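Trainee: Please show me the sequence and the model, and then let us go through the contacts.

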Amino acid sequence: MAFGLMPAALSASRQFWREVPQSELAAAREQPDAAEARFGRHKPTMEEFLKLFPTSFKKEPREALLSGDQVKAAFISLGWHRDLYKGMSDKAEADGIIRRVSGEGRGGQILRGLPEIVAAYTARREEKGSMMEDVPLKVTAKPQ
């Protein structure tokens with residue numbers, strides 16, 4: 001086999017990439033069912049993103065905190081672009097809209113939530129083992 005030549009079996013069966021003309025790309029965008037998986041990904045607004053985070057909890061503050069996997073699963077179930085969940089979380093955290101805390105246990109899972117909920121979770125962890133642990137917490141956060 002000479003350098004630069006591809007066997008006929010490989011060249012006919014595999015096509016790794018090709019340049020798509022703009023007309024074909026526009027036609028794919030116009031077909032709602034065929035192009036939905038590729039072009040129909042939605043980038044949520046910050047307000048839509050904040051609606052993922054619960055503003056209250058029933059028994060324990062941990063119920064209102066979300067792990068990264070939970071946020072990613074919510075993005076997928078809502079049809080949002082799944083690769084944006086990390087960037088949206090980081091942006092909201094940098095703006096002070098949500099806060100991050102390490103969960104209990106050896107691994108210390110990273111949890112995110114509204115600031116009031118994170119404060120309640122931290123307070124509850126500090127009260128563990130004291131008589132304040134039995135006092136019920138009532139916290140309602142306001143999404144900003």
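**Contacts of F75**

Mentor: Leaving aside neighbours within four places in sequence, F75 is in contact (heavy atoms within 4.5 Å) with P44, F49, L52, W80, H81, R82, L84, Y85 and M88. This is a predicted model, in which local features need pLDDT of at least 70 and side-chain atom pairs count only at pLDDT 80 or more, while totals for chains, interfaces and linings use all residues. Residues are numbered from 1 along each chain as its sequence is written, and side-chain values use heavy atoms, with hydrogens and water left out.

Trainee: Is F75 buried or exposed?

Mentor: Buried means under 20% relative accessible area, exposed over 50%, and partly exposed in between, with a 1.4 Å probe and protein chains only. F75 has a relative accessibility of 0%, so F75 counts as buried.

Trainee: Which residues touch the most other members of the largest nonpolar core?

Mentor: A nonpolar core is a set of buried Ala, Val, Leu, Ile, Met, Phe, Trp, Tyr and Cys residues joined through side-chain atoms within 4.5 Å. The largest one here has 25 residues. Those that touch the most other members are F49, L52, F53, V71, F75 and I98.

Trainee: Which element gives the most to this core?

Mentor: Helices are DSSP runs of H or I with at least four residues, strands are runs of E with at least two, and both are numbered from the N terminus. Two or more core residues come from each of α4 (46–50), α5 (68–78), α6 (85–94) and α7 (115–126). With four residues, the element that gives the most is α7.

Trainee: How are the rings of F49 and F75 arranged, stacked or edge-to-face?

Mentor: Rings of Phe, Tyr and Trp (its six-membered ring) pair if their centres lie within 6.5 Å; planes under 30 degrees apart count as stacked, over 60 as edge-to-face and the rest as tilted. F49, with a relative accessible area of 0%, is buried. The rings of F49 and F75 have centres 6.0 Å apart and planes at 70°, so the pair is edge-to-face.

Trainee: Which parts does that pair tie together, and how many residues apart are they in sequence?

Mentor: F49 lies in helix α4 and F75 in helix α5. The pair therefore ties together parts of the chain that are apart in sequence by 26 residues.

Trainee: Which residues do ring pairs link into a cluster?

Mentor: The whole structure has four aromatic pairs. In one of them, F49 and F53 have ring centres 5.4 Å apart and planes at 80°, so that pair is edge-to-face. The cluster linked by ring pairs is F49, F53, F75, W80 and Y85.

Trainee: Which strand pairs with β3 over four bridges?

Mentor: Two strands pair if DSSP finds at least two bridges between them. Strand β1 (residues 66–67) is joined to β3 (residues 110–113) by two bridges, in the antiparallel sense, and L66 stands opposite R112. The strand that pairs with β3 over four bridges, also antiparallel, is β2 (residues 99–102).

Trainee: Which residues do salt bridges with shared partners join into one network?

Mentor: The side chains of R100 and E93 meet in a salt bridge at 3.0 Å, N to O. Through shared partners, the network joins K86, D90, E93, R100 and R112.

Key:
A salt bridge is a side-chain nitrogen of Lys or Arg within 4 Å of a carboxyl oxygen of Asp or Glu.
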